[in-house]
Amino acid sequence: MTRRPEPDSDDGLLRSVAAGDAAALTQLYQRYAGALFGYLHQLAGDRMTAEEILQDTMLAVWRSAGAFEGRAKVSTWLFGVARRQAHNRLRGRSGPEPVGADLFDRPDRSAGPEELAIAAAGGTPVAVAIDLLPDHHRDVIALVFVAGLPLADVAEVLAIPVGTVKSRLYHARAAVAAALTAQEVPE
């Protein structure tokens, strides 16, 4: 006999989303938007792009909730969807501006309140050091320290073994420490 998920559990909410329940999607959004946004902000590097990717993620969740097979936790699945949306959006980001793009229609890329607070608190050297990391190390740092996922969930999101997550985390931390030492910033 298969147990039905509780209606307010992540599995139950995702099942409701698959059935077209917009309120369930709202509940999932409220539960995970903060962690997803933090992760996406780390990947994107700016608030506006992270917000856009978060919206793309929730749209993708709405469209593909029925494809969730339950082999992973819903939270892990959500971060996987967010990661794919981010990589799709960021892949072509450095290309030229479309011809005829109105300068006044561009989103404001200036620092938001969080970025200004981090800069005022002296977090800038760490952010610079993290930005210098290769993508595969930044992904691990963002999922572990920003999103707060356990290593097993990070491994599942990235589709790599837990040992590889540990190795990447070790090397990322060492690279950040080395960069901070080179900048003469105390660890």
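Biologist: How far apart are the end C-alpha atoms of helix 2, which has 23 residues?
Modeller: This is a predicted model, in which local features need pLDDT of at least 70 and side-chain atom pairs pLDDT 80 or more, while totals for chains, interfaces and linings use all residues. Residues are numbered from 1 along each chain as its sequence is written, and side-chain values use heavy atoms, without hydrogens and water. A straight helix of 23 residues would reach 33 Å at 1.5 Å a residue, the expected span being 1.5 Å times one less than the number of residues. The end C-alpha atoms of helix 2 fall short of that, at only 27 Å.

Biologist: At which residue does helix 2 bend?
Modeller: The bend at a residue is the angle between axes fitted to the seven residues ending there and the seven starting there. In helix 2 the angle is about 55°, and the residue is Y32.

Biologist: Which residue, with positive phi, follows helix 2?
Modeller: Its phi is near 90°. The residue is G45.

Biologist: How many helices does the protein chain have?
Modeller: Helices (H or I, at least four residues) and strands (E, at least two) are DSSP runs, numbered from the N terminus. The protein chain has zero strands, and its helices number nine.

Biologist: What distance does helix 4 reach from its first C-alpha to its last?
Modeller: Helix 4 covers residues 74-91 and has 18 residues. Its reach is close to the expected value at 1.5 Å a residue, and comes to 26 Å.

Biologist: Which helices do the buried residues of helix 4 pack against?
Modeller: Buried means under 20% relative accessible area, exposed over 50% and partly exposed in between (1.4 Å probe, protein chains only). In helix 4 the buried residues are V74, S75, T76, W77, L78, F79, G80, V81, A82 and A86. They pack against helix 1 (10-18), helix 2 (22-44), helix 3 (47-64), helix 7 (135-146) and helix 8 (151-158).

Biologist: Which residues is T76 in contact with, leaving aside its neighbours within four places in sequence?
Modeller: T76 has a relative accessible area of 3% and is therefore buried. Contact means heavy atoms within 4.5 Å. By that cut-off the partners of T76 are D153, E156 and V157.

Biologist: Which residues is T57 in contact with, leaving aside its neighbours within four places in sequence?
Modeller: T57 lies in helix 3. At 0% relative accessibility, T57 counts as buried. Its contacts are L40, L78, V81, A82 and Q85.

Biologist: Which residues does L14 touch, not counting residues up to four places away in sequence?
Modeller: L14 lies in helix 1 and is buried, at a relative accessible area of 1%. Its C-alpha atom is separated by 7.8 Å from that of L28, 14 residues apart along the chain. The residues touched by L14 are L28, V61, A65, F68, V74 and W77.

Biologist: How many aromatic pairs does the structure hold?
Modeller: Rings of Phe, Tyr and Trp (its six-membered ring) pair if their centres lie within 6.5 Å; planes under 30 degrees apart count as stacked, over 60 as edge-to-face and the rest as tilted. By this rule the number of aromatic pairs is two.

Biologist: What is the centre to centre distance of the aromatic pair formed by Y39 and F79?
Modeller: The pair is edge-to-face, with 65° between the planes. Y39 lies in helix 2 and F79 in helix 4, so the pair ties together parts 40 residues apart in sequence. Y39 is buried at 0% relative accessible area, and F79 is buried at 1%. The distance between the ring centres of Y39 and F79 is 5.8 Å.

Biologist: What is the centre to centre distance of the aromatic pair formed by F68 and W77?
Modeller: Both residues are buried. This pair is edge-to-face too, with 65° between the planes, and the distance is 5.4 Å.

Biologist: Is A159 buried or exposed?
Modeller: A159 sits in the loop between helix 8 and helix 9 (162-182). Although not a glycine, A159 has a positive phi of about 60°. Its relative accessible area is 68%, so A159 is exposed.
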